[in-house]
Amino acid sequence: MNFSFDHSFSRLPVAFFERVEPSSVSTPLLIRVNDELAEALGLDVARLLSGDGLMIFSGNRLPEDANPIAMAYSGHQFGGFSPRLGDGRAILLGEIVGRDGLRRDVQLKGAGPTPFSRRGDGRSALGPVLREYLVSEAMAALGVPTTRALAAVWSGDKVFREEMEPGGIFTRVASSHLRIGTFEYFSSRRDFDNLGILLDYTIQRHYPELADTENRAQALLLGVMERQASLIAQWMQFGFIHGVMNTDNMSISGETIDFGPCAFLDEYDPSKKFSFIDQQGRYAYGSQPMIAHWNLARLAEALLPLMATDEETAVTLAKETLESFPDLFREGHLKCMAGKIGISDGGELDWPLVNALLTLLKDQRIDFTLSFRYLRDVASGEEDAFLSLFPRPAPVSEWLTEWREHLRKCGVEAEAAATTMQKTNPVFIPRNHRVEEVIEAGKLGDFEPFHRLHEILRRPFEEQPESSEYEQAPKPHEVVRATYCGT
Ligand code: AMP
Ligand code: MG
């Protein structure tokens, strides 16, 4: 089968990648193909479903026009620099220019070792495959920039993590796999020729509007900052915790990438983290904006040699540019949070009001998603569900009075507020305990819970009365306390 691949990345110099073929698996089974996405990419869906998909998405056969490679990159992991990470368990097959004219990478994850695998096996356990499929597609349905899921496969082979587990292969589609770590790779080797080639390539692929700017390295830094600021604001809006915001997991295109130990807030708590490997809470929910800024400073450092010939000038330019991040983030965050309380055009005034509600949620340990979901019902005249979330409702009633007063001052009718909130406050998110349920069943070969949850998450803002139990917060015994990368 032919995928009509183009190969702009693998036309770059050989320093950018290593050639590698996927290794076969024994008895693969196709769990799901994303037919809508396949269609949008211009792929022959019927053919994919009739056997070719299983062969290709398991890594057992390559599309005829594939040019499989593993990409080179570095990364700051939990603050420490690793000069050579690269795709240790991912293989890029090529790029497809879709029906919408956009170019996207198609990559297999877990299709066997590569020259970057170090001590890893190049494989993936099934659990992370199911998690990434569900959560990345849920993020897309929520309207958050993200990589997408094209297929999930049960490999038929076991992988060893804490114990023997069924293996899986995930097919990821991304605007590209360029990361902050890709720039760090060439910069740390002082390979400034290839760093310049990477800059040209990135601007052409993701920021064509910057092609004619005077200082393109500085303009790229600012462009990535804007996209990251907006992205993190959206994560905060939905209570998303990425979990491993290492610089190798921060996409230059501004998409959410790598869903390893990610999770969603149940109770609102800015210091909340789930990832087992994040013992210090470096990547906690409330730290994400600050960490994004830190990561962007690493991008700025990597770009210094291209910003000015004289180092002092370059550092000054980089610093000036980086300084605008807190404002960029605040602007996006304000817009998202104002929307959550029913105000569609933002405004500096909303902050104390939003913060007062967040403090109530935190002090009384209230579910983040449910509280905003029921706040919409308050605007529609139904107060009980919202108030009954709180063990101590008196201060919450007072807050509602202030909120109504604020809406009046802003000239927002209750009905308009409800409409705004319907678009900003989801009914369904991939709740951690539901994702765990899916993974546990999947390990036993039962994919019904996976398909069911996936179906619900396609319409996160719509009520689905037949699935109302999926709206609910976990019961005490269902609460997920830790997530694992499973790599
Ligand atoms: P991640 O935590 O997925 O962002 O991965 C960090 C680095 O570890 C990347 O260079 C990965 O390619 C590599 N890696 C993760 N899991 C494996 C594995 N099972 N085998 C080989 N390399 C891996
Ligand atoms: Mg990664």
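A word on ground rules before we start. This is a predicted model, where local features need pLDDT of at least 70, side-chain atom pairs count only at pLDDT 80 or more, and totals for chains, interfaces and linings use all residues. Residues are numbered from 1 along each chain as its sequence is written, chains are lettered from A and ligands numbered from 1 in the order in which they are written, and side-chain values use heavy atoms, with hydrogens and water left out.

**Domains and cores**

The protein splits into domain 1 (9-174) and domain 2 (180-332), with bounds that come from an automatic or database domain assignment. Their C-alpha centres are 23 Å apart. Where the two meet, 35 residues of domain 1 and 36 residues of domain 2 take part in the contact (contact means heavy atoms within 4.5 Å).

Next, the inside. A nonpolar core here is a set of buried Ala, Val, Leu, Ile, Met, Phe, Trp, Tyr and Cys residues joined through side-chain atoms within 4.5 Å. Buried means under 20% relative accessible area, exposed means over 50%, and partly exposed is in between (1.4 Å probe, protein chains only). The largest core has 130 residues, and Phe9, Ile341, Leu375, Phe386 and Trp403 have the most contacts inside it. Helix H6 (residues 216-238) is the top contributor, with 13 residues. Helices (H or I, at least four residues) and strands (E, at least two) are DSSP runs, numbered from the N terminus. Both domain 1 (9-174) and domain 2 (180-332) supply at least three residues to this core. There is also a second, separate core of 21 residues, with Ala138, Ile456, Leu457 and Tyr470 among them.

Not counting residues up to four places away in sequence, Phe386 touches Leu357, Ser371, Tyr374, Leu375, Val378, Val396 and Leu400.

**Around ligand 1**

Ligand 1 has 18 residues around it, and Gly86, Gly88, Arg89, Gly122 and Asp258 come nearest (a residue counts if one of its heavy atoms lies within 4 Å). Some polar pairs, meaning N or O atoms within 3.5 Å, are listed here.

| Protein atom | Ligand 1 atom | Distance |
|---|---|---|
| Arg89, polar side-chain atom | oxygen | 2.6 Å |
| Arg123, polar backbone atom | nitrogen | 3.2 Å |
| Asp258, polar side-chain atom | oxygen | 2.9 Å |

The protein covers 87% of the 480 Å² of accessible area that ligand 1 has on its own (Shrake-Rupley method, 1.4 Å probe).

Asp258 sits in the loop between E11 and E12. Because its relative accessibility is 14%, Asp258 counts as buried. The side chain of Asp258 also makes a polar contact with the side chain of Arg172 (2.9 Å).

His242 is found in the loop between strand E11 (240-241) and strand E12 (263-264). His242 has 0% relative accessibility, so it counts as buried. Its side chain reaches the backbone nitrogen of Val244 at 3.1 Å. Leaving aside neighbours within four places in sequence, the contacts of His242 include Trp235, Asp258 and Gln288.

Finally, Pro305 belongs to helix H7 (residues 288-307). At 32% relative accessibility, Pro305 counts as partly exposed. Beyond four places in sequence, Pro305 touches Ser187, Phe192 and Leu195. Pro305 and Ser187 are 118 residues apart along the chain, yet their C-alpha atoms are separated by 8.0 Å.

Note on methods:
A polar contact is a pair of N or O atoms within 3.5 Å; within protein, one must be able to donate a hydrogen and the other to accept it, and residues adjacent in sequence count only if both atoms are side-chain atoms.
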